Amino acid sequence: MTSPHHAPVLPDDLVASIERAGYYPALVADVVAAALSGERIAAHLVHLETTFDRDVVRRHITVLVLTPSRLLIAHADDHADEPPAPQDVATATTESIPLSAVKGVMLTHVVENPEGYVPGTLGREVTLTLGWGTVARVDLVPASCSDPDCDADHGYEGTITGDDIALRISAAADGEDRLAAALAFARDLSAAIGKA
């Protein structure tokens, strides 16, 4: 068993990506290494997102790691601790999904000026959505009919939406290299689940 002080060494390019993101890199690298359990890394993607919650800036990092048998997802977030001793804390969570359970890899390309599209460029922004059926959101609304005078109870209607993970990567915000990395990771994961 590997102790936390002797976590497996991550590849240099993954460590560099985590350090470039700048969100508690030592913590994020250790969390990823601990969940990796020594398995070889086939591909990875690191995505940092900054959000604004009223007057507070929050950061969120997601690290996706593809191994020969699993998709590993690590998240780390900023949180404020509860009173009476408020202080900044980070939470880090990992999830390990067998490749055979990954149900889909969806890429949504945003293309500006589509009439002038240059073949092979695939736009300046993508949303990478991964689904494996762990999380689903149910949206229910009261059902109705077309009769405006009807006051009968028609029950509820709704939709169930798979909502596992979606990352928006923009060349303008994240850089051309991060956009290219997202496209490459999506290709690698799509090919891997096609074999699983």
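Visitor: Which residues of helix 2 are buried?
Guide: In helix 2 the buried residues are Val 28, Ala 29, Val 31, Val 32, Ala 33, Ala 35 and Leu 36, where buried means under 20% relative accessible area, exposed means over 50%, and partly exposed lies in between, with a 1.4 Å probe and protein chains only. Helices are DSSP runs of H or I with at least four residues, strands are DSSP runs of E with at least two, and both are numbered from the N terminus. Please keep in mind that this is a predicted model, in which local features need pLDDT of at least 70 and side-chain atom pairs count only at pLDDT 80 or more, while totals for chains, interfaces and linings use all residues. Residues are numbered from 1 along each chain as its sequence is written, and side-chain values use heavy atoms, with hydrogens and water left out.

Visitor: What span should helix 2 have, and what comes just after it?
Guide: Helix 2 covers residues 25–36, and its 12 residues should span 16 Å, which agrees with its end C-alpha atoms being 16 Å apart; the expected span is 1.5 Å times one less than the number of residues. Just after helix 2, Ser 37 takes a positive phi of about 55°.

Visitor: How many helices and strands does the chain have?
Guide: The chain has 4 helices and 9 strands, and along the sequence they follow the pattern α-α-β-β-β-β-β-β-β-β-β-α-α. Of its 196 residues, 32% count as buried.

Visitor: Which residues touch the most other members of the largest nonpolar core?
Guide: Those are Leu 45, Leu 64, Leu 71, Leu 130, Phe 185 and Leu 189, in a core of 26 residues. A nonpolar core here is a set of buried Ala, Val, Leu, Ile, Met, Phe, Trp, Tyr and Cys residues joined through side-chain atoms within 4.5 Å.

Visitor: And where do the core residues come from?
Guide: Strand 1 (43–53), strand 2 (56–66), strand 3 (70–80), strand 6 (125–131), strand 9 (165–170) and helix 4 (176–195) each supply at least two residues of this core, and the largest share, 9 residues, comes from helix 4. Another core lies apart from this one, with 19 residues, among them Leu 10, Leu 14, Val 46 and Ile 61.

Visitor: What does Leu 189 touch?
Guide: If neighbours within four places in sequence are left aside, Leu 189 is in contact with Leu 66, Leu 71, Leu 99, Val 105 and Leu 130, contact meaning heavy atoms within 4.5 Å.

Visitor: Switching to sheets, what is the strand order in the open sheet of 3 strands?
Guide: The order is 5-6-9, with antiparallel pairing, and two strands count as paired if DSSP finds at least two bridges between them. Strand 5 and strand 9 are the edge strands, each pairing on one side only. Neighbouring strands of this sheet are turned by 15° against each other on average, direction ignored; axes are lines fitted to C-alpha atoms, for helices over the stretch in contact, and angles run from 0 to 180 degrees between N-to-C directions.

Visitor: How many bridges join strand 6 to strand 5 and to strand 9?
Guide: Strand 5, residues 104–110, pairs with strand 6 over 7 bridges, and Gly 104 stands opposite Gly 131 in strand 6. Strand 6 and strand 9 pair over 6 bridges; in strand 9, Ala 166 is the bridge partner of Thr 129 and Ser 170 that of Glu 125.

Visitor: Is strand 6 mostly covered or uncovered, and what lies across these strands?
Guide: Strand 6 is mostly covered, with 5 of its 7 residues buried. Helix 4 lies across strand 5, strand 6 and strand 9, and runs at about 150° to strand 5.

Visitor: Back to Ala 166: buried, partly exposed or exposed?
Guide: Ala 166 counts as partly exposed, because its relative accessibility is 49%. Not counting residues up to four places away in sequence, Ala 166 touches Thr 127, Leu 128 and Thr 129.

Visitor: Last topic: how many disulfides are there?
Guide: The structure holds 0 disulfides, a disulfide being a pair of cysteine sulfur atoms within 2.5 Å. For Cys 145, the closest cysteine sulfur is that of Cys 150, at 3.6 Å, which is too far for a bond. Cys 145 is partly exposed at 35% relative accessibility, and Cys 150 is partly exposed with a relative accessible area of 31%.
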